[in-house]
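Please keep the sequence and the structure in view while reading.

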Amino acid sequence: MAKVLRISIVVAYLFLLIAWPVSLVVVNTFDGGPQALLDVLADVDVQAALRLTALAAFWAVAINLVFGVTMSLLLVRFEFPGKRLLSALIDLPLSVSPIVVGLALVLVYGGRGGWFGPTLESWGLQVIFSTPGIVMATAFVALPLVIREVVPVLEEIGTDQEVAARSLGANGVQTFFRITLPGIKWAIVYGVVLSLARSLGEFGAVKVVSGNVLGETRTATLVVEEKYLNFAQQEAYAVAFLLAMVSVVCIVVVALIRPSHTDEKEARA
């Protein structure tokens, strides 16, 4: 009886917090047919926002992929002063409000009063209120996701196979691509998917650094806000549906094709 009660509470919690609200977005998107979704996709400004969102998410994921794998190896395979502090700093984007992140980027890279902004603009590079600022803000908020997926797997697989490979004459690059990477590939894939989902849905930091210029620096999440506040709720639901579905589909596909934990352990063995 207690087990059934606990399961019921968990299911009710997930239903009320996640499943029901998301399903209402879907229902409202297709209320009256798919025409609202088709109209949104035909809107030139929405198309520009979706392209910018995809571009920012792509570069943010690429940056976090390279940085995340490198930092994971550094944290697990090496000992150095300040390691705990560095590990704590990596989690900072999860604890700091995205609005604060955006403001911090403006203070550093803003053209008026920013530390590096005036110099960069004198070189012809504008960061804030431009695509680079959006990419930086998006990469910042998704920073820990790859690392926190890869680090536990690296700790679990240990170093025995890597040491054996090096003893047989393999260099660092060969050891990584032939031994380490196959062992952490699913952790990387899942971290990339989570990073992509987080990047597509970023709002607060992007709102501060983008300038929200129609057709230029307005992302899809800003379109949702603009449409909803201007009483175009159907269009807001449609854009929100597109963003949510991309993330959900990616997570579901990875969950379906990813081997079970037992299969992964047998493959490494």
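## Report on selected features

The model described here is predicted. Ser130 sits in the loop that joins helix H7 (117–122) to helix H8 (131–141). Its relative accessibility is 19%, and because buried means under 20%, Ser130 counts as buried. Apart from neighbours within four places in sequence, Ser130 is in contact with Val209, Ser210 and Thr217.

Asn64, by contrast in location, belongs to helix H3 (residues 44–77). Asn64 has 2% relative accessibility and therefore counts as buried. When neighbours within four places in sequence are set aside, the contacts of Asn64 are Val69, Ala139, Ala142, Leu143, Val146 and Ser195.

The table places the two residues side by side.

| Residue | Location | Relative accessibility |
|---|---|---|
| Ser130 | loop between H7 and H8 | 19% |
| Asn64 | helix H3 | 2% |

Helix H3 also takes part in a pocket. The second largest pocket has a volume of about 200 Å³. Two or more of its lining residues come from each of H3, helix H10 (160–167) and helix H11 (172–200). H11 gives the largest share, four residues. The complete lining consists of Leu73, Arg77, Phe78, Glu162, Arg166, Gly172, Thr175, Phe176 and Thr180.

Which elements do the buried residues of H13 pack against? They pack against H3, H11, helix H12 (204–210) and helix H14 (233–257). Helix H13 covers residues 220–229, and its buried residues are Ala220, Thr221, Leu222, Val223, Val224 and Lys227. After H13 comes Phe231, which has a positive phi, near 60°.

A further view of the chain comes from an annotation record. In an unreviewed entry, UniProt lists residues 7–30, 50–76, 88–111, 123–147 and 236–257 under "transmembrane region". In the model, the span 7–30 is 96% helix and 0% strand, and its end C-alpha atoms lie 32 Å apart. The span 236–257 is 100% helix and 0% strand, with its end C-alpha atoms 32 Å apart.

Terms used:
Residues are numbered from 1 along each chain as its sequence is written. This is a predicted model: local features need pLDDT of at least 70, side-chain atom pairs count only at pLDDT 80 or more; totals for chains, interfaces and linings use all residues. Side-chain values use heavy atoms; hydrogens and water are left out. Buried means under 20% relative accessible area, exposed over 50%, partly exposed in between (1.4 Å probe, protein chains only). Contact means heavy atoms within 4.5 Å. UniProt positions are given in the numbering used here, feature names are shortened, and annotations may be inferred rather than shown by experiment. On a 1 Å grid over the protein atoms alone, a cavity is a set of points where a 1.4 Å probe fits but cannot get out, and a pocket is an open set with protein on both sides within 12 Å along at least five of seven lines; lining residues have an atom within 4 Å of a point. Grid points are joined across faces, edges and corners, and a volume is the space filled by probe spheres set on the points.
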